[in-house]
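Subject: Structure handover and findings

Hi,

Here is the structure for your set. Please look it over, then read the notes below.

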Amino acid sequence: MKTIKEISEITGLSIRTLRYYDEIGLLKPAKLTEAGYRLYDAKALEKLQEIMFYRELEIPLADIREMMECPGYDRQQALRAQKALMEQKRNRLNGIIELITDVMEGVNTMSFKEFTETDVTLMIEHLQNGISEEQFQNFIQKYGGGSLDSYKQLLMQAMNDEKTKTSMLRWYGSKEKVLECQKPVPDMDARRKDLDELWHQFAALQKPDSIEEHLLTAKLAELYKQMLNLDNARAFLIDLADEYLQNDKLAEVQDRQYGEGTARYVAEAVKRYYGV
């Protein structure tokens with residue numbers, strides 16, 4: 001048995017707070033001495049830990065008491081849920097910290113210049129150097145009608161579209177960074193296979209807020225960082241998640257390949273991971 005003073009020292013909670021928890025019926029001491037001193041056993045201390053976890057998630061005391069007094073309350077299940085929510089909170093804060101770091105380092109300058117013909121030519125050169133000549137010609141045939149000049153003009157229009165520029169700014173921070181990141185990525189075919197495998201794993205999992213889901217989403221972020229030469233995949237993945245949730249046709253394409261509802265599940269997993 002431990003006294004209220006000892007519990008206060010162990011947890012960092014004030015004696016006044018512990019007394020209040022007793023008064024509202026949230027945490028009763030295991031025993032009262034003849035002199036009226038509160039004593040707490042190991043079980044009470046375990047319960048107090050759970051209460052502190054809930055408070056860290058900013059859940060009101062009345063709601064905590066109602067949950068913990070529920071006849072079907074499962075401590076292990078509650079701890080798993082608390083862990084998942086705290087990981088989500090941590091990931092959201094990590095994402096914000098990364099963005100602040102980028103701003104401090106001058107990555108997100110919030111100024112995005114127009115793409116010039118020279119910029120677009122450089123991007124096409126990077127593309128051409130990163131794939132075979134046959135693949136490049138097929139690409140030009142598909143997107144430029146067989147004409148390199150036509151493709152260049154279409155790319156110029158696309159890159160200077162306001163929506164595109166806004167997205168690029170969110171993902172990369174500046175035009176210079178976009179151009180720098182257009183260089184060929186080694187082993188792109190292997191990374192595409194890894195991406196396909198991740199989608200299959202998401203489809204097989206379908207387990208919201210699980211540790212497995214968070215691990216898969218972390219792998220997805222790391223893979224897109226490699227594939228797109230991103231410093232931070234947060235903004236890109238959130239935008240991608242929004243597309244899957246708002247664009248039914250895009251979601252249908254993914255669902256045909258990986259199973260119905262997979263696109264929505266991946267999108268919601270991304271939102272959970274970043275605390276959006």
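This is a predicted model: local features need pLDDT of at least 70, side-chain atom pairs count only at pLDDT 80 or more; totals for chains, interfaces and linings use all residues.

Residues are numbered from 1 along each chain as its sequence is written, and side-chain values use heavy atoms, with hydrogens and water left out.

Aromatic pairs

The whole structure has 5 aromatic pairs. The rings of Phe, Tyr and Trp (its six-membered ring) pair if their centres lie within 6.5 Å; planes under 30 degrees apart are stacked, over 60 edge-to-face, the rest tilted. Phe 202 and Tyr 265 pair edge-to-face, at 6.1 Å centre to centre and 70° between the planes. The pair links distant parts of the chain: Phe 202 sits in helix 11 (residues 188–205) and Tyr 265 in helix 15 (residues 262–273), 63 residues apart. Helices are DSSP runs (H or I, at least four residues), numbered from the N terminus. Phe 202 is buried at 0% relative accessible area. Tyr 265 is buried too, at 3%. Buried means under 20% relative accessible area, exposed over 50%, partly exposed in between (1.4 Å probe, protein chains only).

Tyr 273 and Tyr 274 are also edge-to-face, at 5.0 Å and 90°. Both are buried. Trp 199, Tyr 244 and Tyr 258 form one aromatic cluster.

Helix 3

Helix 3 (residues 42–56) has 15 residues and should span 21 Å; its end C-alpha atoms are 21 Å apart, so the two agree. The expected span is 1.5 Å times one less than the number of residues. Its buried residues include Ala 44, Leu 48, Glu 50, Ile 51 and Tyr 54. These five cover an arc of only 160° around the axis, so they lie on the same side of helix 3. The arc is taken from the directions from the helix axis to the C-beta atoms. Just after helix 3, Glu 58 has a positive phi of about 65°.

Salt bridges

There are 10 salt bridges, each a side-chain nitrogen of Lys or Arg within 4 Å of a carboxyl oxygen of Asp or Glu. Lys 28 bridges to Asp 22 at 3.1 Å, N to O. Asp 22 is buried, at 9%. Asp 22, Lys 28 and Arg 38 are linked in a network.

Glu 222 and Lys 225 meet at 3.7 Å. Both lie in helix 12 (residues 211–228), 3 residues apart, about one turn.

Best wishes

Methods: Helices (H or I, at least four residues) and strands (E, at least two) are DSSP runs, numbered from the N terminus.
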